[in-house]
Amino acid sequence: CQLKLYSAKRQPFLSKLHKLRRLHWARGLLKWSVAKWKTVLWSDESRFEVLYGTLGRHVIRTREDKDNPSCYQRSVQKPASLMVWGCMSACGMGSLHVWKGTINAENYVQVLEQHMLPSRRHLFQGRPCIFQQDNARPHSAAITTSWLRRRRIRVLRWPLCSPDLSPIENIWRIIKRKVWQRRPKMIEQLEACIRHEWESIPISKLEKLVSSVPRPLLSVVRRRGDATQW
């Protein structure tokens, strides 16, 4: 039947309510032009880990080499890691903030104050823009929404479980792939690699990603709110 065994593509679980809300959200924004999407300041967090070992999930060996130490896939229980917040738009990369551990609403407001606002001023030069963030708990906390309201920052309403609709997720994938190729062994090397790759993203790539935002929206509508291929 020409069928083969593949690793399943990972996507967030979407309930019927999630799909319905994604569908209504996408339908409401299909009329947005590319120029409108270029006024959005995209933001997100991502976790990066120090990489150990050289073997992936598969290894070529004989049947007898099952317990040969050179054929083991080594795993670390709690690898050293960094949490990274960044923002971007079609006109350039914004500020990058790196810290260890998790983030709460109070810390997130400080990140917005110290990194989002300067990036907004630098990238848009006083022009009106829309701030995008997902629905993580620190983002939707009362202290965060109150701060955004006081600052009169227009926030793009975002559907739950929808990383496939944000172009900054593609930026994280690009950076993680390049960091993996460099394989930093220390936390300081990891941070240096992340910052180097963040600053190396060309403007042309950002414009292409933001200009393609209507495509996943159309895919959401066609799939009745289900996950897209992005």
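In this predicted model, the largest nonpolar core contains 40 residues. Those with the most contacts inside this core are W37, W42, M88, I171, W172, L190 and I194. Both helices and strands contribute: the elements that give two or more residues to the core are α1 (16-29), β1 (40-49), β2 (81-89), β3 (92-99), α6 (168-182), α7 (187-199), α8 (203-211) and α9 (214-222). Of these, α6 supplies the largest share, six residues.

When its neighbours within four places in sequence are left aside, I171 is in contact with M88, M93, W198, I201, L206 and L209.

The packing of two helices, α1 and α9, may now be considered. Their axes lie 9 Å apart and form an angle of about 130 degrees. The crossing in which α1 passes α9 is left-handed.

| Helix | Residues in the contact |
|---|---|
| α1 | R22, L23, W25, A26, R27 and L29 |
| α9 | L217, V220 and V221 |

By class, the contact of α1 with α9 comprises seven nonpolar residues and two charged residues, with no polar residues.

Terms used
Residues numbered from 1 in each chain as written. Predicted model: local features only at pLDDT ≥ 70, side-chain atom pairs only at ≥ 80, totals over all residues. Heavy atoms only, no water. Core = buried A, V, L, I, M, F, W, Y, C linked by side-chain atoms within 4.5 Å. Buried < 20%, exposed > 50% of the residue type's maximum accessible area, 1.4 Å probe, protein only. Helix = DSSP H or I, 4+ residues; strand = E, 2+ residues; numbered from the N terminus. Contact = heavy atoms within 4.5 Å. Axes fitted to C-alpha atoms, helices over the stretch in contact; angles between N-to-C directions. Left-handed = near helix turned anticlockwise from the far one by under 90°. Nonpolar A, V, L, I, M, F, W, Y, C, P; charged D, E, K, R; others polar.
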